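This report covers model confidence, a sheet with a helix across it, and the setting of a single residue. The structure comes first.

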Amino acid sequence: MRLFRIATLALTAIVSATAADAQTVRVGFVTSLSGPSASIGDLMDKAVRLYIEQNAASIAPVRVEIIRRDDTGPNPEVARRLTQELITRERVQLLTGYIYTPNAMAVAPLINEARIPTIIMNAGTSAIVRQSQMFARVSFTMWQSAYPLGQWTARQQGVRRSYTLVADYAPGHDSEQAFIRGFTEGGGQNVAAVRMPMNTVDFAPFLQRVRDERPDALFIFVPAGVVARGIMKAYADLGLAQAGIRLVGQGDITPDEELPNMTDVPEGIITMHHYSADADRPANRAFVEAWRRAYGANSTPSFYSVGAWDAMAAIFHVIREQRGQIDPARTMELLRGWENPNSPRGMVRIDRETRDVVQNEYLRRLERVDGRLVNREIETIPMVSDPWVRFNPAPPR
Amino acid sequence: MAPHARDAARTSPVDSLVTRHRLRPLELLPWVLVIPPYWLFDTYLPLGSEILIMVLFALSLDLILGYAGIVTLGHAAFFGLGAYTAGILAANGWGEPISGLAAAAAVAGATGYVTGRIILRAHGLTLLMMTLVIVLALNEAANRMGWLTGGADGLSGIEMWPLLGLFRFDLYGRTGYVYAAAVLFVAWIFVRRIVHSPFGRSLTGIRENVTRMHAIGVPVRTRQVTIYAIAAVLAGIAGGLLAQTTQSVALTVMTFERSGAILIMLVLGGVGRLYGAFVGVPAYMIAQDNLARLDPVYWYFWVGLMLVVVVLFARGGILGIVDRARDLVVRRRP
């Protein structure tokens with residue numbers, strides 16, 4: 001009798017194990033977990049874990065299994081090989097992650113061939129999404145923020161001449177062109193467009209030249225993170241604010257997670273971005289609170305985290321709608337036009353036509369609140385779609 | 001060389017000199033091991049072809065470092081030149097793999113010859129610095145020439161034509177694996193011939209005693225420049241293979257880090273013995289792949305620990321350990 005019971009138990013266990021297996025959706029997550037970009041990967045990974053922890057019940061009995069891989073930074077051949085392995089060996093049904101443009105570009109042929117829906121968590125060069133019908137993006141594009149920022153800057157009193165300073169790679173080029181286009185269309189004149197090599201660490205010479213040129217506004221783009229801290233320090237040290245040169249930029253130059261390290265930066269820097277941790281929306285307050293509960297009171301989520309968070313929201317949406325049976329064509333159909341009004345950044349949508357993100361852009365002012373620097377949202381530009389698409393219509397197929 | 005000296009002790013000196021170039025059965029072992037993964041580990045083939053490519057790269061480094069004694073930290077320059085040549089050709093509409101590889105070899109070889117003529121006048125640390133300068137300068141050039149190389153964004157849009165007009169480069173990397181294995185096999189035969197030729201012996205002579213080689217009338221610098229250019233050709237082919245099989249090229253192909261990494265892999269296997277590359281590269285890359293999978297966040301720590309252990313306890317690399325183990329067994333016999 002006892003033997004029979006054990007046998008039944010074992011059988012039940014086996015049956016339920018196989019059933020659970022059939023109900024598990026495997027998601028490949030390619031990001032940078034070592035090297036100089038490890039902190040970015042960490043911010044994304046934490047958001048992924050937090051999302052699953054909070055929402056696992058909503059897709060039950062289906063389970064989601066995240067298979068993480070470290071692409072070590074902007075290394076397209078590594079990202080490509082890892083993705084290839086995720087597809088052929090791990091048999092993932094969905095892919096996500098990708099911090100860097102070259103990495104995302106390199107996997108386009110793979111996801112085309114294997115037909116794996118891929119949700120970009122970060123890479124922001126406009127042209128990426130056109131490389132494959134299987135791409136959808138929930139992060140941002142450089143044009144989305146730099147172009148309206150250029151328009152806004154041109155409207156400001158006494159600002160006629162601008163100067164642009166960007167990191168010399170595709171997102172930097174996108175930012176530069178977008179800002180200049182917005183600024184000159186508004187009647188301004190851009191006096192110099194300088195591109196700094198990617199591995200620049202000493203920004204003083206570049207900013208000294210800006211000081212000598214005395215533009216009314218200075219537009220800077222560098223990748224968010226430690227580099228941003230360096231250029232902001234140089235900006236403060238050289239006294240450009242006192243010289244009357246207004247600094248504007250995208251959110252990358254005042255990233256939320258770096259603000260505690262930017263103590264001597266002057267207030268009043270204007271940035272355009274889709275997310276600030278300081279925002280007062282209920283969804284954002286809940287998000288930041290949950291984040292601090294999970295990862296400590298001094299930890300601050302950033303736009304990297306929100307990109308990962310919304311990618312997970314989109315993934316959970318397609319899993320829920322298909323009850324765990326992922327079909328590539330149906331998944332892309334579900335992603336087109338997907339929207340989430342309760343994202344920490346406010347309303348966010350994937351455009352039905354372009355598969356690219358549509359979202360609010362917030363004009364923020366760097367302010368000191370209770371001794372802490374924050375990006376205070378002062379103006380909202382609702383539901384911006386990528387202006388680059390408008391200026392560069394897709395070639396006919 | 002210690003192993004050869006031991007061989008000589010067991011047989012007569014002339015015997016060893018006469019038979020040393022003959023193929024021993026053990027030398028075919030790598031080629032036997034290359035075949036089963038095609039069926040057994042078919043989902044590991046992208047990693048497999050990367051290993052084969054890095055073996056070729058390490059083999060080319062062994063020619064100049066192990067045999068000719070030229071210490072370099074800039075060998076990735078030629079790897080990168082090959083990768084960019086093959087990549088740029090394929091991205092601009094010429095995706096034929098074998099001619100692309102030939103072009104990669106030609107560009108890398110020509111650069112190797114020209115730079116070799118200039119920098120091989122120097123010795124020791126000066127030479128080391130100059131090799132470093134070459135890789136850094138070329139890297140910066142590739143970074144600046146964004147219109148050609150894609151700059152920091154990497155070269156994309158590489159489309160390869162089918163190999164020999166028959167085999168498409170597939171998602172599982174089967175074609176890439178066989179292609180890389182075939183190229184490595186041909187290169188191995190070539191390198192083996194060089195090493196056992198009088199030319200190859202004279203290189204070892206230059207490494208061991210330059211003054212004596214000068215004294216007996218060997219054109220030392222010509223020999224050095226020649227082998228430097230040959231190694232550059234092989235490195236260029238390896239780079240070209242990487243570009244063609246992964247269909248992407250980024251600035252990382254041509255960095256000081258890559259030069260350092262290949263040096264570590266070669267040292268891990270054993271320098272100056274032809275098969276160090278075949279042992280060190282797979283050992284390092286398979287360990288790294290597994291560590292990165294088990295611990296995606298802290299895997300660099302484990303790789304570092306592994307290298308420290310090897311440096312502390314395994315001078316002469318893995319093949320050095322094998323030698324010592326064999327010595328123990330042989331000596332115990334009466």
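## Terms and confidence

Contact means heavy atoms within 4.5 Å. Angles run from 0 to 180 degrees between N-to-C directions, with axes fitted to C-alpha atoms.

The model is predicted. Its scores are ipTM 0.74 and pTM 0.81. For chain B the average pLDDT is 86, and 95% of the residues score at least 70.

Chain A holds an open sheet of 5 strands in the order β2-β1-β3-β4-β5, and the pairing is parallel. At the edges are β2 (63–70) and β5 (135–137) of chain A, each of which pairs on one side only. Neighbouring strands of this sheet are turned against each other by 25 degrees on average, direction ignored.

Within the sheet, strand β1 (residues 24–31) and strand β3 (residues 94–97) of chain A run parallel and are joined by 4 bridges. Opposite F29(A) stands T96(A) in β3(A). Helix α4 (residues 101–114) of chain A lies across β3, β4 (118–120) and β5 of chain A. The helix runs at about 140 degrees to β5(A).

## T175 of chain B

T175(B) belongs to helix α10 (residues 174–196) of chain B. Because its relative accessibility is 11%, and buried means under 20%, T175(B) counts as buried.

Not counting residues up to four places away in sequence, T175(B) touches L163(B), F167(B), R168(B), F169(B) and D170(B). With R168(B) there is a polar approach: a polar atom of the T175(B) side chain lies 2.6 Å from the backbone oxygen of R168(B).

Key:
Residues are numbered from 1 along each chain as its sequence is written. Chains are lettered from A and ligands numbered from 1 in the order in which they are written. This is a predicted model: local features need pLDDT of at least 70, side-chain atom pairs count only at pLDDT 80 or more; totals for chains, interfaces and linings use all residues. Side-chain values use heavy atoms; hydrogens and water are left out. pLDDT is the predictor's confidence in each residue, from 0 to 100. Helices (H or I, at least four residues) and strands (E, at least two) are DSSP runs, numbered from the N terminus. Buried means under 20% relative accessible area, exposed over 50%, partly exposed in between (1.4 Å probe, protein chains only). A polar contact is a pair of N or O atoms within 3.5 Å; within protein, one must be able to donate a hydrogen and the other to accept it, and residues adjacent in sequence count only if both atoms are side-chain atoms. Two strands pair if DSSP finds at least two bridges between them.
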